[in-house]
Amino acid sequence: MSRFNRRVQIPDLQLPKYDDAEEEGDYSDNYGVARLTTTGSNVSDDQEPVVGVKVLRQASRHRDIKGDYLDVPSHSYLMKIFQKQGDKQVLFADKVLKFTASGKMKHRILLITDFALYIIDPETNALKRRIALAAVEKTCLSDLSDNFLAIIIPKEYDLLMASTRKTEIVAVLVEATKSASDFELEVVFSNSFEYNADAELVKEIQFEEVEGTHYYIVIG
């Protein structure tokens, strides 16, 4: 199999507003501004060690945590999606950018409930993927203050995405997994790791910092 390097400069990554409609595609060089909402916390004290390990942006350290940044109860199609599966509680909801197997990034809605993760297309309101919390083995993050994380699902294929609320996503996953199955989710910090982009495609991501600017390299 031939191998290739794709080096993409990641400046201070900020994600598009939820209501800022853009065409799906490769967003490596152009991002909008994330909507930040301050309200009460939905994260327990047990999650604080996860936050402390990363070199986080100043904004991440001081941002209040809400959990549901989309006001899920006001969107009937979102309520129907997770209630149909019997899930009871939304622990996290926000718009993220997700890597496709080809390396492009697409707008998706990420829902984390008490039993599963949901990936939803905000343009069509369609459920693209449901991942049971019990199927998640670990999360992988770099040691840099970028916005990327990989969620490793050994029996399926993995999920690579970007979010300005990456730390909160990891913290919620750790807590939710522990509550649902008494399993301690592994959080791996490394500037190089592999992930399954689809069922038969393994890619390696390498992170490096050059003069204060972050880069990622995808090797397929």
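**Ground rules**

I count two strands as paired if DSSP finds at least two bridges between them. Helices (H or I, at least four residues) and strands (E, at least two) are DSSP runs, numbered from the N terminus. My model is predicted, so local features need pLDDT of at least 70 and side-chain atom pairs count only at pLDDT 80 or more, while totals for chains, interfaces and linings use all residues. Residues are numbered from 1 along each chain as its sequence is written, and side-chain values use heavy atoms, with hydrogens and water left out.

**Entry: the hairpin**

I looked up strand 10 and strand 11 (residues 201-210), and they pair antiparallel over six bridges. They make a hairpin with two residues between them. Y195 sits opposite K203 in strand 11.

Next I traced the open sheet: eight strands, order 5-4-3-2-8-7-6-9, mixed pairing. Its edges are strand 5 (126-132) and strand 9 (186-189), each pairing on one side only. From one strand to the next, the twist averages 30°. I then checked strand 2 (residues 90-99) against strand 3 (residues 105-113): they run antiparallel, joined by nine bridges. F99 stands opposite M105 in strand 3.

**Entry: helices on the sheet**

For contact I took heavy atoms within 4.5 Å. Axes are lines fitted to C-alpha atoms, for helices over the stretch in contact, and angles run from 0 to 180 degrees between N-to-C directions. Helix 3 (residues 76-83) lies across strand 2, strand 3, strand 4 (116-121) and strand 5, at about 140° to strand 4. Helix 4 (residues 166-181) also packs on the sheet, and its direction makes about 130° with that of strand 2.

**Entry: aromatic pairs**

Rings of Phe, Tyr and Trp (its six-membered ring) pair if their centres lie within 6.5 Å; planes under 30 degrees apart are stacked, over 60 edge-to-face, and the rest tilted. Searching the whole structure gave me four aromatic pairs. One of them is Y69 with F92, edge-to-face at 5.9 Å centre to centre and 65° between the planes. Y69 is in the loop between helix 2 (58-62) and helix 3 and F92 is in strand 2, so this pair ties together parts 23 residues apart in sequence.

**Entry: a lining**

Last, I sorted the lining of the second largest pocket: eight nonpolar residues, one polar and five charged. Here Ala, Val, Leu, Ile, Met, Phe, Trp, Tyr, Cys and Pro count as nonpolar, Asp, Glu, Lys and Arg as charged, and the others, Gly among them, as polar. Strand 2, strand 5, strand 8 and strand 10 (192-198) each supply at least two of the lining residues.
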